[in-house]
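Dear colleague,

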Amino acid sequence: EYKSFMASNEAQIIQHFVEQELGVVDMGGALDCLMTTMCTDRTLPSTLDDYAKSTSHDVVQKYGSKIFERMATLETEKETFHALYNDGEYSKLGMAPLWSEIMDYLNPIVKDKIEAEKSTKFALFSGHDTTIIPIMASLGTRVWDHTEWPPYASMVNIEVHELIDGESESSVFTSDFAFRLVYNGQVYTDRMDGCHKDHDLCDIKILLDQLESFVTRDRLCDRINPTGGVVKTTTELVSTREGISLILVLITLSCCCGVCFTWVCIHRGRQGYRPQTLVHTLELGEYHDDEDDQDEENEKDPSFVVI
């Protein structure tokens with residue numbers, strides 16, 4: 001589905017424009033620079049200035065109008081696609097450690113009333129636009145369904161409310177606490193599965209159940225490699241003294257094998273090498289039975305000389 005989306009005519013036109021007219025391959029990086037340029041009231045390149053109406057006629061003829069807006073839409077759709085795919089699995093994988101930190105502030109409030117009095121009343125986390133998209137998507141496929149990139153200074157609020165006995169609907173709120181999810185001033189609580197559409201507040205248990213299904217401080221590598229494999233095996237080895245010893249032995253053996261192999265290659269190379277020689281074969285001397293005479297004759301008339 002994603003390949004079909006990226007192979008669409010519109011995606012191909014925009015990608016070709018980015019490569020040919022802007023000279024870059026990374027559309028996301030280019031869009032970041034262009035957004036910054038626009039939001040600081042500086043001039044966009046004339047080839048895609050939708051707002052000053054100065055886009056050249058040739059560009060419009062080749063790629064169409066409103067090219068900047070179409071770039072932003074395409075990049076948003078790309079980011080949203082993998083953020084929501086497979087029930088937001090990618091978003092849950094990436095945001096699990098951050099959610100774990102947030103839950104460190106939520107749990108003392110809702111699980112222990114004594115601790116709640118001493119708990120932090122306000123916690124602020126700072127992130128990027130590419131943090132807001134997956135953190136919202138990890139709460140459910142209906143929570144983030146935007147076709148607009150998060151604007152500058154966007155804010156996600158998670159409010160925790162203590163419910164007063166007798167003043168809340170028991171059919172809606174089964175615990176003593178509720179939460180409200182707000183994005184840029186707009187209430188998003190009812191977009192979460194299990195929350196009532198007619199209420200701005202939702203039982204805190206629904207939020208905690210959603211988060212506890214994937215939240216961890218680990219990077220959840222087992223989600224990618226459920227059977228463990230090389231990564232898990234290596235991690236287990238280096239966590240024990242015996243494992244470290246085994247790794248050192250393997251490294252030593254590998255070095256020894258490498259040295260032996262290198263020596264054999266060099267030795268064989270030397271045996272195969274024969275320097276060019278000039279051989280003068282002289283006339284053999286007459287053979288004598290007398291050993292001394294033979295030695296004397298050989299001294300005077302050697303059979304060969306190698307130079």
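Strands here are DSSP runs of E of at least two residues, helices are runs of H or I of at least four, and both are numbered from the N terminus. Two strands are said to pair if DSSP finds at least two bridges between them.

Please note that this is a predicted model, in which local features need pLDDT of at least 70 and side-chain atom pairs count only at pLDDT 80 or more, while totals for chains, interfaces and linings use all residues. Residues are numbered from 1 along each chain as its sequence is written, and side-chain values use heavy atoms, with hydrogens and water left out.

The strands around β2

Strand β2 (residues 177–183) pairs with β3 (residues 186–187) in the antiparallel sense over two bridges. The two strands form a hairpin with two residues between them, and Asn 184 in the turn has a positive phi of about 50 degrees. Strand β1 (residues 156–162) also runs antiparallel to β2, and seven bridges join them. Val 160 is partnered there by Phe 179 of β2. Phe 179 in turn has Cys 202 as its bridge partner in β4, a strand (residues 202–203) that pairs with β2 over two bridges, again in the antiparallel sense. Because six of its seven residues are buried, β2 is largely enclosed by the rest of the structure; buried means under 20% relative accessible area, with a 1.4 Å probe and protein chains only.

The packing of α3 and α5

Helix α3 (residues 27–39) packs against helix α5 (residues 67–111) at an angle of about 130 degrees, and their axes are 10 Å apart. Therefore α3 is oblique to α5 (angles under 35 degrees count as roughly parallel, over 145 as roughly antiparallel, 65 to 115 as roughly perpendicular and the rest as oblique). Axes are lines fitted to C-alpha atoms, for helices over the stretch in contact, and angles run from 0 to 180 degrees between N-to-C directions.

The contact (heavy atoms within 4.5 Å) includes Leu 31 and Met 35 of α3, and Phe 68 and Glu 75 of α5.

The chain as a whole

The chain contains twelve helices and six strands. Of its 307 residues, 29% are buried.

Yours sincerely

Key: Buried means under 20% relative accessible area, exposed over 50%, partly exposed in between (1.4 Å probe, protein chains only).
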